[in-house]
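Subject: Handover of a structure and notes on its contents

Dear colleague,

Please find below the structure that I am passing on to you. My notes on what was found in it follow directly after.

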Amino acid sequence: MEIYWLLGLPLTGSIFLGLWGYRKYAPEINALFSFVTLLAAAFLTYRIIDQGSVIIGAGWFFIDPFNVFLVTLTAFVAFTTALFSRPYMRIEAEHGKLNTKRLRLYHSSYQIFIGAMLLALTTNNMGILWVAMEAATLATVLLVSLYRTPASLEAAWKYFILCGVGIALALFGTILLYFAAEKVLGSGGNALLWTQLNGVKTQLEPTVMQLAFVFLLVGYGTKVGLAPLHSWLPDAHAEGPTPVSAVLSGLLLNVALYAVIRSKVLVDGALGNDMAGGLMMGFGLFSVVLGAFLLKRQTDVKRMFAYSSIEHMGLVTFAFGMGGPVANFAALLHMTLHSLTKSAIFYAVGHATQKTGTQLMTDIRGLIKTNPTLGWGLMLGTVAILGIPPFGVFASEFLIITTAMHEHPWATPFLLLALGVAFASIFGKVQPMVFGETELPRLPYQPALTPVFLHLGLVLMLGLYIPPYLAVWYRQAAQLLGG
């Protein structure tokens, strides 16, 4: 029953908050729905760890250690973001940026967005996966355009057009996948069930599968933010509310990459070579390098960390493209750490920009004086995302780079150069934001910083010690991906 609670709660929450989401306690109700969804994810995770992979609902849902890991991560970050958004969105309303109708739209769309991502992660049907990704896209368009300023409307329109084109390409890839499966499994809904496809992947037509993966990679890769399909991502992060930036960067990119990886497993079996992995490595490496070099040009703090997300998702894509137990393990670990760290950074950045009334880094100074906990939260988050030990990002990046040195030494200089440029660019811009001189008074309110330090505490723990059950979980998921 956990799967029905997991998917039913966000749907119920979106309807309820669509009716009542403008009232005084709507933020608390939004957080409550997110918390109960997290509990459902935890119970589902316990069942999978105890019993192994399961097929539910006449084959419509499939849960294994790979996707249940992402389900748990998604539900956790969705809950902490809901906690963060409680005071943040109230202050936005006090500043006149939002009215009651837009607050209701925010709370309702937030639950739809979370529900669509959870559906994409748990469905066994590649067609429903595409539908869920489209639903998440539409919900995000409403969230990005929430402020209704010319810049936010332009960002939402750009996001809608580019991701709409991408999702259309992914649909064509899904149709080609069905075309290849129909010859083996026959017509009907079973031809798009991933478990059925995985069982006969060696019998699927290689040429069709090869073409299908190109469309699926480009289509879903647009939503991952892989270069050169990334241009929507910085605008959406910069112009939407900060809680939306947190879940976009920390969750949606993971879900889109999940769709690519599920497709890669099928294509690898059909082709018997690493064509899919080679394409992912190419797109991933290009994203790492381009994202790193574009960081230096940024003046908007949210845009800067958006380009950082492009860089890190490129690194994860590159690792999954390499394949193998170590690279897959490192990629899964990096997905976890990036989601936790980047969302924590956006929480801190959100309060900083509310305080100063600007997102320009040159106008944000001395956070350590105006609110020491906020300043330290942003600084520690920056240190963590830059891969400085003992934070866990160092461990995952170290595993990825050493694997690349062993298996693809030609790529190692590009990775090291990109990581070095990213380090210099981000640290050089954040350091004066935190420790620079300022004449601004202390913050008149206490920001919601519990989610910041909760996330960073987990990232620090994973850098020092990975609990045995969690390490086994990662290894099981890595083995399922093959390579």
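A polar contact here is a pair of N or O atoms within 3.5 Å; within protein, one of the two must be able to donate a hydrogen and the other to accept it, and residues adjacent in sequence count only if both atoms are side-chain atoms. By that criterion, the side chain of S108 reaches the backbone oxygen of S14 at 2.8 Å.

Before going further, please note that this is a predicted model, in which local features need pLDDT of at least 70 and side-chain atom pairs count only at pLDDT 80 or more, while totals for chains, interfaces and linings use all residues. Residues are numbered from 1 along each chain as its sequence is written, and side-chain values use heavy atoms, with hydrogens and water left out.

S108 has its place in helix α4 (residues 100–122); helices are DSSP runs of H or I with at least four residues, numbered from the N terminus. S108 counts as buried because its relative accessibility is 13%; buried means under 20% relative accessible area, exposed over 50%, and partly exposed in between, with a 1.4 Å probe and protein chains only. Not counting residues up to four places away in sequence, S108 touches S14, L17 and G18, where contact means heavy atoms within 4.5 Å.

T45 is found in helix α2 (residues 26–51). With a relative accessible area of 8%, T45 is buried. A polar atom of the T45 side chain lies 2.7 Å from the backbone oxygen of A41. Leaving out residues up to four places away in sequence, T45 touches V68, T72 and W473.

The nonpolar core

Which residues touch the most other members of the largest nonpolar core? They are Y220 and F320, in a core of 171 residues. Helix α10 (residues 242–271) gives the most to this core, with 19 residues. A nonpolar core is a set of buried Ala, Val, Leu, Ile, Met, Phe, Trp, Tyr and Cys residues joined through side-chain atoms within 4.5 Å. The contacts of F320, not counting residues up to four places away in sequence, include L257, I261, M280 and L481.

V267 is placed in helix α10. V267 is buried, as its relative accessible area is 2%. Beyond residues up to four places away in sequence, V267 touches M209, F213, G272, M275 and A276. From C-alpha to C-alpha, V267 and N99 are 48 Å apart in space and 168 residues apart in sequence.

L415 belongs to helix α17 (residues 412–435). Is L415 buried or exposed? L415 counts as buried, at 0% relative accessibility. Its neighbours within four places in sequence aside, L415 is in contact with L285, V288, L315, F318 and A404. The C-alpha atoms of L415 and L252 are separated by 24 Å, and the two residues are 163 residues apart along the chain.

A helix pair

The axes of helix α6 (residues 150–185) and helix α9 (residues 232–239) come within 9 Å and cross at roughly 145 degrees. Axes are lines fitted to C-alpha atoms, for helices over the stretch in contact, and angles run from 0 to 180 degrees between N-to-C directions. On the α6 side the contact is made by A151, S152, A155, K158, Y159, L162 and C163, and on the α9 side by W232, D235, A236 and E239. These residues divide into seven nonpolar, one polar and three charged. In this division, Ala, Val, Leu, Ile, Met, Phe, Trp, Tyr, Cys and Pro count as nonpolar, Asp, Glu, Lys and Arg as charged, and the others, Gly among them, as polar.

Backbone features in loops

A cis peptide bond joins A227 and P228, with omega about 5 degrees. P228 lies in the loop between α8 (206–224) and α9. The peptide bond from P389 to P390 is cis as well, with omega near 10 degrees, and P390 has its place in the loop between α15 (372–385) and α16 (392–407).

R148 is a residue other than glycine with a positive phi, near 60 degrees. R148 sits in the loop between α5 (126–144) and α6, and at 36% relative accessibility R148 counts as partly exposed.

Yours sincerely

Key:
Helix = DSSP H or I, 4+ residues; strand = E, 2+ residues; numbered from the N terminus.
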